[in-house]
Amino acid sequence: MDFLWLVPAFPLAGFLVLAFFGRGLRGRSGGVVGSAAAGLSMAAAIAVSIAFAASGSSGYTLTLWSWFSSGGLASSFAFRLDALSVAMILVVTVVGFLIHLFSIEHMAGEEGYPRFFAYMNLFVSSMLILVLADNLVLLYLGWEGVGLCSYLLIGFWYRDPANGLAARKAFIVTRVGDVSLLVGIFLVAQSLGSFGIQESAQRALASWPVGSPTAIWAAALILGGALGKSAQLPLQTWLPDAMAGPSPVSALIHAATMVTAGVYLVARTHVIFSLAPPVLLAVGVIGAATLVVAGASAVVQTDIKRVLAYSTMSQIGYMFLALGVGAWTGAIFHLVTHAFFKSLLFLAAGVIINALHHEHDIRRMGGLSKRMPFVFWVFLIGAFGLTALPPVSSGFASKDGILAAVWESGDYWLWIAGLVGVFLTSLYTFRLLFLVFGDRARDGRARDGRARDGLDAAGHGEEGPLPTHAGMAVPLAILAVLCLFGGLLDFPSFLGGVPFLSAFLGGALPFSAAGGASGTEALLSAISLAVTLAGIPFGRMLARRSAEALRAGRSEPGFGAFLKKGWLFDSAYAFLFQRPFEWIARINRRDIVDRASEGFGAANLSLSLVLRRSQTGRIRLYVAALALGAALIVAAAVFL
Amino acid sequence: MNPALLVSGLIAVAATILVIVQRNAVHALLYLIVSLFALAVSMLILGASFAAALEIVVYAGAILVLFVFVVMMVGAASSTFKPSAWILPALLGAALLAELVYVSLGRPAGQAGGAASVAPKAVGMALFGPYLLGSEIAAFLLLSGLVGAFRLARRDEPPSAEAGKEQSR
Amino acid sequence: MTIQATDFGLAVAAIIFAAGLVGLLVRRNMLFMLLCTEIMLNAAGFAFIVAGASWASAQGQVMFIFLLAVAAAEVAVGLALVVFLFGKGKSLELDSIVSGEER
């Protein structure tokens, strides 16, 4: 396991190569280099995971070198390998490699092709550093790195200023969370005297009583950081706009890995959270709230990627919900399965968008089931995973596991919220499916449902297949397989599965099986299944409604507009923060600080102007002044 | 104190005050000469015979005579001024005078009490002894004054010299 | 009490000095102003003499001699200036000298 360092080193090397020599690379070479780096990282990750599993130890630390050490606090470049980080590196590298492969073909012909892969490699490297970090400072290094790469990749097509705005928005909103996390790290270090994750956990258990203010503060601050990166309430406004980036970026960063960094963070520091029950409850509540809010917003979106973005927000809400009730392993399991099906959905959406010549509006799509059958099938598999339809979807196992754990914890309101979320998920997923792939004539979308004359949204002829390039199809197929069978990792026991993943993760996280009677579990699963199925006809109805609205030229009614704009969070933040800030900037246009320093010069100038008036050239005045001065000086010398 | 000192001092003061209120320049000059003579007498009484002689010879005899010459050449200017113009200068002068008197009367008196005479020989020894540098510099000063006065008061060049310069160009 | 010779001498010097100062402030004609300057210098010199006599030291007279040299040089240059201005036809009133008015 000594070669653990190779896992983040390969993508970093790929980044350096592409950064320095990328400009000279022609054709697909940049993509090949980037994917090779990702592939080597994946190979190393698999190898190290096998070695770890074989060794049977519960944790292994590889210290590379000491970063700094001063005043009792030290941080080193040390990587920790335990069950949790093994799971994470496998997810990151496998999904990352598949997305890299996909992008070779998908981003072909784009300006800045090598730059894209350089950024992607840097991202993968940073993410790996984040999940492998042994101490909080190194974790923060990876944290910042992924934030940077997210900014760079969202604004990849920088020539359009709107993309730059979206990138900045993402950066600034997550920055709020980052500051919170940083303060939390400082609090932990100051209170416990160490940056190391394992050490601080042990010391916290020893020195912080349950519910102590320090623990609550630390956990709350760390939670703040997690909320920012994972796009949960109230720091969620950046994720829908982040869809301005290319689809592989959305798949990798904003579905599978970066947004799950928050979940990882909470799981990693679970000791601190378990010492602060109010914060843990907040985690669950925020998760539940987000999943309902985001799910509702997803139902009325018209941009295919925004539907998926809100869906991501909602699913991460599920993970937070699981963390909140103490189902640590359940949350990680859902993280894994979500990575599979969400990235699959995003990549498929990317294929669709490109095939239809950058058409994003789902109401203008339709009939793609006949024209793009392969994409249809993989999208369907991903959708099944998302809606957790048994038995062949991984989402089924993970989501039901979470709901069962929530039920077990006894907080029934949260469970109801989760169930509402299930319904909403089904709604928006099937609405999406019907709008994108459904047969138009049957859905009542005749030719006049489109904007142009006789042509479909792509400007193509009405019929005609849209083939998918093999370079993109293969990764999609692999992901689909993972989607289908990923659930086997932790299949519910009442259906005969073995909880492999939970047992494995139990090495690093408190094992929390949904240990209720299997009968209860089965009942719960049946309920959520029924809810999901009930969503299908409603989804179809909504699809038809949206199509009709487009044809009739109607815009969304009031409540729909509210939902579509993400519950007006953007407007609220603009009012609360942007306007005062702009107001301050406006009144400070002639900068106060500048004026203070200029003031010296200005004062001198006015003083000299005043004094200049005394140079009259009238000699008698000078003589009088001399005499007066003499009198004064003598007086001063004598009397003072 | 010698009564002659008192008398000559008073004469000097009176003459000076008359100088500054005169309209006619020549009259003012003459009054000033009187004042200088009175001061020279005071110096004699105080025992500074060399200084008294110099006062008469240089100050009254050279400087003021020069003034007289210039006044003759330029024309006795009679300047008029309003009486109200005296107020502020008078106040200022009075203030300064009061301060000077206050300062000078408070000083401890020298051990000689004010009537020891200093021989010219002692002055000469001091002048060319410790104060030699000062003497030389005074000589320089006088030279520069000479050159400056010469240059300033020179009339324009005679026509023949200018014509000669133009031809030789 | 009797007035000491030193005190009287210094008082005389002070009065003459003040008189010269007042004259300098009041007068406008350049000749008069030069005259008043001479008065002031003379008064200062007299003060030096008095002080030297009081301490029975030659330094008072030495200082007086230097003062004489200064006054002489200054008068020479000043009067030369007056002559020069007069020769150029300018006025000698002090306020007009600055602006260079004609006589």
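User: Two strands pair if DSSP finds at least two bridges between them. With that in mind, which strand pairs with β1(A), and over how many bridges?

Analyst: This is a predicted model. In it, β1(A) pairs with strand β2 of chain A, residues 73-82, in the antiparallel sense over ten bridges.

User: How many residues sit between β1(A) and β2(A)?

Analyst: Two residues lie between them, and the two strands form a hairpin. In the turn, A:G71 has a positive phi of about 60 degrees.

User: Which residue of β2(A) is opposite A:W65?

Analyst: A:F77 stands opposite A:W65.

User: And how many residues of β1(A) are buried?

Analyst: The count is zero among the twelve residues of β1(A), which spans 59-70, and the strand is hardly covered.

User: Switching to helices. At what angle do α8(A) and α11(A) pack?

Analyst: The angle is about 155 degrees, and the axes are 7 Å apart. Helix α8(A) covers residues 213-230, and α11(A) covers residues 261-268.

User: Roughly parallel or roughly antiparallel, then?

Analyst: Angles over 145 degrees count as roughly antiparallel, so α8(A) and α11(A) are roughly antiparallel to each other.

User: Which residues meet there?

Analyst: From α8(A), the residues include A:I222, A:L223 and A:A226; from α11(A), they include A:V263, A:L265 and A:V266. The residues of this contact divide into eight nonpolar, three polar and one charged.

User: OK, cores. How many residues are in the largest nonpolar core?

Analyst: It has 202 residues, and those with the most contacts inside it are A:L344 and A:A348. Helix α15 of chain A, residues 328-355, gives the most to this core, with 17 residues.

User: What is A:A348 in contact with, leaving aside its neighbours within four places in sequence?

Analyst: A:A348 is in contact with A:V375, A:V378, A:F379, A:G382 and A:L476.

User: Where is the second core?

Analyst: It is separate and has 87 residues, including B:L54, B:Y59, B:I63 and C:A71.

User: How many residues does each side give to the contact of chain C with chain B?

Analyst: Chain C gives 64 residues and chain B gives 71. On the chain C side, the elements giving two or more residues are α1 (5-26), α2 (30-54) and α3 (59-88). The largest share of that side, 22 residues, comes from α3(C).

User: How do the residues on that chain C side divide?

Analyst: They divide into 49 nonpolar, eleven polar and four charged.

User: Last one. How many residues are in the contact of chain B with chain A?

Analyst: Six residues come from chain B and seven from chain A. The chain B residues divide into five nonpolar, no polar and one charged.

Key. Residues are numbered from 1 along each chain as its sequence is written. Chains are lettered from A and ligands numbered from 1 in the order in which they are written. This is a predicted model: local features need pLDDT of at least 70, side-chain atom pairs count only at pLDDT 80 or more; totals for chains, interfaces and linings use all residues. Two residues are in contact if their C-beta atoms, placed from the backbone, lie within 7 Å. Helices (H or I, at least four residues) and strands (E, at least two) are DSSP runs, numbered from the N terminus. Ala, Val, Leu, Ile, Met, Phe, Trp, Tyr, Cys and Pro count as nonpolar, Asp, Glu, Lys and Arg as charged, and the others, Gly among them, as polar. Axes are lines fitted to C-alpha atoms, for helices over the stretch in contact, and angles run from 0 to 180 degrees between N-to-C directions. Angles under 35 degrees count as roughly parallel, over 145 as roughly antiparallel, 65 to 115 as roughly perpendicular and the rest as oblique. A residue is buried if 20 or more other C-beta atoms lie within 10 Å of its own, exposed if 12 or fewer, and partly exposed in between; C-beta atoms are placed from the backbone. A nonpolar core is a set of buried Ala, Val, Leu, Ile, Met, Phe, Trp, Tyr and Cys residues joined through C-beta atoms within 7 Å.
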